[in-house]
Amino acid sequence: MNDYILKLRNDFTLIEKFDIKKANKLYLSNILDTDAKKRLKKYINNSMNGKMEVKYINDFGRLKTEIINNVSATINKGITQMSMDKEIKRNILKDIYSDIDIVNCHPNILNQICIFHKLPNKNINKIDIDE
């Protein structure tokens, strides 16, 4: 079991892609409130042509993110797709990614891992997975 824990502690970096034309159009519209516009503008400004390099840091069960700015080679803690408003994300990622929403996600994933590795899961099954 320790092998799995060690693997889960590894940090990783991904390139987040988004439709910059849609993001700019959404920003210029009257659909978003002031705070959402500020977050979207920050996201656009931290990107380069619809791409952003994001380092995901595993902090024992919680993912933290750092944005790697390729222009200035700096690292900052801006908004990423992981923390983005659902309405914004749905609009600017629609043609790039598929959004999969799993009901009661963590217990479902844990239950599937237990089943796959033939581990006891009776306490997980006490959770109403279809909640």
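Phe 12 counts as partly exposed because its relative accessibility is 36%, where partly exposed lies between buried (under 20% relative accessible area) and exposed (over 50%), with a 1.4 Å probe and protein chains only. This is a predicted model, in which local features need pLDDT of at least 70 and side-chain atom pairs count only at pLDDT 80 or more, whereas totals for chains, interfaces and linings use all residues. Residues are numbered from 1 along each chain as its sequence is written, and side-chain values use heavy atoms, with hydrogens and water left out.

**Salt bridges**

- The structure holds two salt bridges, each being a side-chain nitrogen of Lys or Arg within 4 Å of a carboxyl oxygen of Asp or Glu.
- Asp 95 forms a salt bridge with Lys 22, and their closest N and O atoms are 2.7 Å apart.
- Asp 95 lies in the loop between α4 (86-93) and α5 (105-116) while Lys 22 lies in helix α2, so this pair ties together parts that are 73 residues apart in sequence; helices here are DSSP runs (H or I, at least four residues) and strands likewise (E, at least two), numbered from the N terminus.
- Asp 95 is exposed at 61% relative accessible area, whereas Lys 22 is partly exposed at 22%.
- In the other salt bridge, the side chains of Arg 39 and Asp 85 meet at 2.6 Å, N to O.
- Arg 39 in helix α3 and Asp 85 in the loop between β4 (74-76) and α4 are 46 residues apart, and the pair links distant parts of the chain.

**Strand**

- Phe 12 lies in strand β1, which covers residues 12-17.
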